[in-house]
Amino acid sequence: MTAKIWNHGFHGCHRWEIKTSVQSVSSVVSLLVAAGGCATNLNTHSHSEHTAVHLDGVSVGYNGKPALWDVTLDIASGLRLAVLGPNGAGKSTLFKAIMGLLPLRSGHILIHGEPPGRRAVQVAYVPQREDIDLRFPVSVRDVVMMGRYGRIGWFRRSGRADRLAVERAMERLDILHLADKPIGELSSGQMQRAFLARALAQEADILLLDEPFTGVDAPTENAIYIVLDDLKTRGITVLLATHDLDKALSHFDDLLLVNGTVVACGCAEDVFKPEILRRVFGSQITLMPSGDRIMAATDGHHP
Amino acid sequence: MLDFLLAPFSYAFMQRALIASTLVGALCAIVGCYVVLRGMAFLGDALAHAILPGVAIAFLVGGDLFIGALIMSIVVAVGIGYLSQRGRVREDTAIGIIFSGALALGVLLISSAQSYQTDLTHILFGNVLGVSDRDLLLTIGFGALVLAAIVLLYKEFLIFAFDPTFAATLKLPVGGLRYLLIIVVAVTVVVSLQMVGVGLAAAMLVTPAAAASLLTRRLSHMMLVAAAIGVLSSMIGLYVSYYARVSTGASIVLSCTVLFVLALIFGPRDGLLARYRAGRRAR
């Protein structure tokens, strides 16, 4: 069985209504149950050349406690996948496992059919929170240039192509005017854009974004959406973790619902069902019947 | 005035002292930038003290003190790296244990020797005026090695120091870079022992780099400014010790401290004076 690229995305799902900003609620989404084809596949042994990321029976844990168990998943190349789940559901762990930053308890991961780490530049990753020293003497340009280091190689200096790639990445995120500022002087939104620019400068064909919308301003949110659309046209596979249902609905092809393990995967019609949402979000979600629809509200968690 | 500046260097030992202390001043300051940025100041101090048993053993068996110190420093550096990486104990605890144990062992060994007092003083506080031609050659040789590592691995050390997680996603050997950086610091400490001794080596690593961090906004500039501060304080220290007839190592370190305080007060951006002025303007 071969996974197919899901290319009509949400253009096929018209009956969505999204209302926001109810008090202490991050999103309210009305649901309809309908059928649809999905590019994200939970069957084993189905990976092919079109599979960007393949996980087979993957379990990961920290200090004895499993954080993610038995994840089997195929992600089609070029897909935009939202990874949804409450805080602590294992979204970040999933990304770190794909990046090869955590040892696997069991199972294996293939990136374009190869074990992670075989080729350094394939997967770019923007963690939820960069654990950096804000007084570190580097400019925004220096930070974005770090994205090129995997391509430049040992003992060599950056060339013209690297500098151009860095300029382009900064331009796409509208931070070119900040290029020579120390990284510590940026606002949190600008910093998020700088780290995203660093990931773009890697020119990887798979991009993992962990909660990029948390605590950012409107210009940054717009910049991220523009970049996501641009990446889509260029066939880059994007995985984006969020706990926010609206964001997941409006800009992604498929949704992956996790809470310790994969609860459901597929397009919105398939996965936004009351019983699935309850399994994922537990008491953090409120489901309200409203005519032929069900309204879903998740608690607003902004760590 | 010119006579005042040149007079000390009519002696050959003062010429050697000048070359050695400016070289070591620059080298320590450059390596010190990573020590400051990675929060390794305590490690640098510990390394300097932990070298003592190596020096003592070399001294007792009539071997080369420099080689003894070098071997010991690398053993200790790898030991600390291993203990803390396994997560058995916190890094500062691991350093504290090895540091004090090694220092005690060193003092114990040296105290068994006849010329205990003078030798211990030289090892603890340095003896830059006693630098031999051979010492100078060793300093130049190992200094060049350390500088080569810093220049050739500039990108890799920069990214490792700034964002180790990102370095790992680029599949850089983060563990290897970590050990290499500790070893670079260890070799630098050994090279600086002759000048300022075990007790003050950490100051030469940390103080010029800390002063430079107040004055600059990019790593390469920070390294150059730190090197300049290291060289300047070595020269000032030599003059002070020559004319005031006081300890050379202590004079050099105190010159660093004074330059740091000046940077803290008069720094153009973050200096206390600049902040005071900015505060008044805001009001």
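**Where the chains meet**

Chain A and chain B bury about 2,500 Å² between them, and 68% of that area is on carbon and sulfur atoms. On the side of chain A, the residues that lose the most area to chain B are A:Phe136, A:Pro137 and A:Trp154, which together make up 26% of what that side buries. This is a predicted model, and the values given here are computed from it. Counted by contacts, 30 residues of chain A touch 23 residues of chain B.

Polar and charged groups also take part in this boundary. Between chain A and chain B there are 7 residue pairs in polar contact, with both residues at pLDDT 80 or more. On the side of chain A that touches chain B, the elements that give two or more residues are α2 (140–146), α3 (149–152) and α5 (188–201) of chain A. Sorted by type, the residues of that side are 17 nonpolar, 7 polar and 6 charged.

Which kind of pairing can charged residues make? Side chains of opposite charge can pair when their charged atoms come close. The count of salt bridges between chain A and chain B is 3. A salt bridge joins the side chains of B:Arg217 and A:Glu185, with a distance of 2.8 Å from N to O.

**Within chain A**

Over all chains, the structure holds 17 salt bridges. A salt bridge also pairs A:Asp180 with A:Arg141, at 3.5 Å from N to O. This pair links distant parts of the chain: A:Asp180 is in the loop between α4 (160–172) and α5 of chain A, A:Arg141 is in helix α2 of chain A, and the two are 39 residues apart.

The backbone of chain A has points to check as well. Most residues other than glycine have a negative phi. A:Asp70 is not a glycine, yet its phi is positive, about 50°. The residue A:Asp70 lies in strand β4 (residues 65–76) of chain A. Another residue other than glycine, A:Glu203, has a positive phi near 50°. Its place is in the loop between α5 and β8 (206–210) of chain A.

**A patch on chain B**

Which residues make a nonpolar surface patch of about 640 Å²? They are B:Met1, B:Leu2, B:Phe4, B:Leu5, B:Leu6 and B:Tyr243. Helix α1 (residues 2–6) of chain B gives the largest share of the nonpolar patch, 4 residues. B:Met1 is placed in the segment before α1 of chain B.

Key. Residues are numbered from 1 along each chain as its sequence is written. Chains are lettered from A and ligands numbered from 1 in the order in which they are written. This is a predicted model: local features need pLDDT of at least 70, side-chain atom pairs count only at pLDDT 80 or more; totals for chains, interfaces and linings use all residues. Side-chain values use heavy atoms; hydrogens and water are left out. Contact means heavy atoms within 4.5 Å. Buried area is the accessible area (1.4 Å probe) that two parts lose on being put together, summed over both. A salt bridge is a side-chain nitrogen of Lys or Arg within 4 Å of a carboxyl oxygen of Asp or Glu. A polar contact is a pair of N or O atoms within 3.5 Å; within protein, one must be able to donate a hydrogen and the other to accept it, and residues adjacent in sequence count only if both atoms are side-chain atoms. Ala, Val, Leu, Ile, Met, Phe, Trp, Tyr, Cys and Pro count as nonpolar, Asp, Glu, Lys and Arg as charged, and the others, Gly among them, as polar. Patches are made of residues with over 30% relative accessible area and no salt bridge: like charges are joined within 9 Å, nonpolar side chains (Val, Leu, Ile, Met, Phe, Trp, Tyr) within 5 Å. Accessible areas come from the Shrake-Rupley method with a 1.4 Å probe; for residues, only the protein chains shown count as cover.
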